[in-house]
Amino acid sequence: MDQSEDQILAEELAALGAVGGGSGRLVRMVAKLMRKNVHEIDLLVPLPFDDVVKRVSRVLGKAGHAVETVPIGSGEDEKTIRVVASGGTGGMNPVVVTARVLKSAEGSSEVWLRAAAKEGLIRQRAGERTAVRLAAQLSKATRADRAGG
């Protein structure tokens, strides 16, 4: 079953709240009401599709723990990878990172990277900062050119 970013973030924040001795149920409810900080970046990668999928999986796997993959776009020409990474001050803000790898022209691929995090009273821009950080790591791992974002 596919979970939305909001559901995943609410569950992750509830788990953090429960570890800290708080009510996971209350944190989950409040998290659903919080606004989201989202940032997207497109990368053009001069490598074959299968190689790019492996490298993106490796980079994102080091950045966080995998969550259920998104069924949309999981075919021969498209693969989606989703992890929950740590962001914000002290790495205490969960960030859902979704990378969609698309087969492009002969021998090249495109990577669409999206990072989303909940924002509290103090804006940390955890989604934006995580997207930029992971895009830099992906660029280094794949020799990608930034297409936008």
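**Entry 1**

I take helices (H or I, at least four residues) and strands (E, at least two) as DSSP runs, numbered from the N terminus. This is a predicted model, in which local features need pLDDT of at least 70 and side-chain atom pairs count only at pLDDT 80 or more, while totals for chains, interfaces and linings use all residues. Residues are numbered from 1 along each chain as its sequence is written, and side-chain values use heavy atoms, with hydrogens and water left out.

Are these two partners buried or exposed, or something between? I call a residue buried under 20% relative accessible area, exposed over 50%, and partly exposed in between (1.4 Å probe, protein chains only). Asp 6 counts as partly exposed because its relative accessibility is 32%, and Lys 36 counts as partly exposed because its value is 29%.

**Entry 2: other salt bridges**

I then turned to Arg 114, which forms a salt bridge with Glu 40, the closest N and O atoms being 2.6 Å apart. This pair, too, links distant parts of the chain, with Arg 114 in strand β5 and Glu 40 in strand β1, 74 residues apart. Arg 114 counts as buried because its relative accessibility is 18%, whereas Glu 40, at 34%, is partly exposed.

I also noted Arg 125 and Glu 128, whose side chains meet in a salt bridge at 3.7 Å, N to O. Salt bridges that share partners join Glu 5, Asp 6, Lys 36, Glu 40, Arg 114 and Lys 118 into one network. By the rule I used, the count comes to nine salt bridges.

**Entry 3: the chain as a whole**

I counted the elements and found four helices and six strands in the protein chain, which follow the pattern α-α-β-α-β-β-β-β-α-β along the sequence. Of its 149 residues, 38% count as buried. I took contact to mean heavy atoms within 4.5 Å, and among contacts between residues at least 6 apart in sequence, 64% join residues at least 24 apart.

**Entry 4: helix α3**

Which residues of α3 are buried? I found Phe 49, Val 52, Val 53, Val 56, Val 59 and Leu 60. The face turned away from the buried side carries the exposed residues Asp 50, Lys 54 and Lys 62. What covers the buried residues of α3 includes β1 (35–45), β2 (64–66), β3 (78–87), β4 (93–103), β5 (109–119) and α4 (126–142).

**Entry 5: the nonpolar cores**

I defined a nonpolar core as a set of buried Ala, Val, Leu, Ile, Met, Phe, Trp, Tyr and Cys residues joined through side-chain atoms within 4.5 Å. The largest has 27 residues, of which Val 56, Leu 60, Val 97 and Val 111 touch the most other members. β1, α3, β3, β4, β5 and α4 each supply at least two residues of this core, and α3 gives the most, with six residues. Not counting residues up to four places away in sequence, Val 56 touches Ile 81, Ala 99, Val 101, Val 111 and Leu 138. A second, separate core of five residues includes Ile 8, Val 67, Val 84 and Val 96.

**Entry 6: Leu 13**

I ended with Leu 13, which is found in helix α1 (residues 5–19) and is buried, with a relative accessible area of 15%. Leaving aside neighbours within four places in sequence, Leu 13 is in contact with Val 27, Ala 31, Asn 93, Pro 94 and Lys 118. Leu 13 and Ala 31 are 18 residues apart in sequence, and their C-alpha atoms are 7.1 Å apart in space.

Technical notes:
Salt bridge = Lys/Arg side-chain N within 4 Å of Asp/Glu carboxyl O.
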